[in-house]
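Thanks for coming. I will take one structure today and go from a helix to the sheet and then to a single residue.

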Amino acid sequence: MGNCMDKRRAIVNSEEKLEYSGGNVHIITDKGSWDEKISEANKDGKIVVANFHASWCAPCRFVAPVYSKLSKAFPSFTFLSIDADQMTEISTPWDIQATPTFIFLKDGQQLDKLVGANTIKLEEKLKNLADLH
């Protein structure tokens, strides 16, 4: 029999998944899914927008619904969501020092990076990259 904390954790965990997976955002839970999404984007010539976040990070929670809306507004991009703490094998090579950090990739190469929950700059960067694409 579980206690209240177990139930609370289950509710929080399900809320986190919902919060980060809205719109056209793909939740990355292992290295295989990361490799698959990067490969698909490369094959299709898409820009990848990778949101590295942490479950304890208040600014990450603030930006998550905006990120979801942007994923619908920019369907030509591939939007990924990665928990930097849980997926260190992915976050470490990209030198993630703070959350949220957004990395913009094309053909596996970093085009740009945004550190922090600045939704206006995030949208500006997406617009600029869409114009170039």
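**Helix, sheet, one threonine**

Helix α3, residues 58-73, has 16 residues and spans 24 Å from its first C-alpha to its last, close to the 22 Å expected at 1.5 Å a residue; the expected span is 1.5 Å times one less than the number of residues. Helices here are DSSP runs of H or I with at least four residues, strands are runs of E with at least two, and both are numbered from the N terminus.

This is a predicted model: local features need pLDDT of at least 70, side-chain atom pairs count only at pLDDT 80 or more, and totals for chains, interfaces and linings use all residues. Residues are numbered from 1 along each chain as its sequence is written, and side-chain values use heavy atoms, without hydrogens and water.

Now the sheet. Five strands form an open, mixed sheet in the order β1-β3-β2-β4-β5, where pairing takes at least two DSSP bridges between two strands. Strands β1 (25-28) and β5 (109-115) are at the edges with a single partner strand each, so one side of each has no neighbour in the sheet. The pairing of β1 with β3 is parallel, over four bridges. Isoleucine 27 stands opposite serine 81 in β3.

Which strand holds threonine 78? Threonine 78 lies in β3, residues 78-83. Threonine 78 counts as buried because its relative accessibility is 9%; buried means under 20% relative accessible area, exposed over 50%, partly exposed in between, with a 1.4 Å probe and protein chains only. Leaving aside neighbours within four places in sequence, threonine 78 is in contact (heavy atoms within 4.5 Å) with His26, Ala41, Lys46, Ile47, Val48 and Val49.
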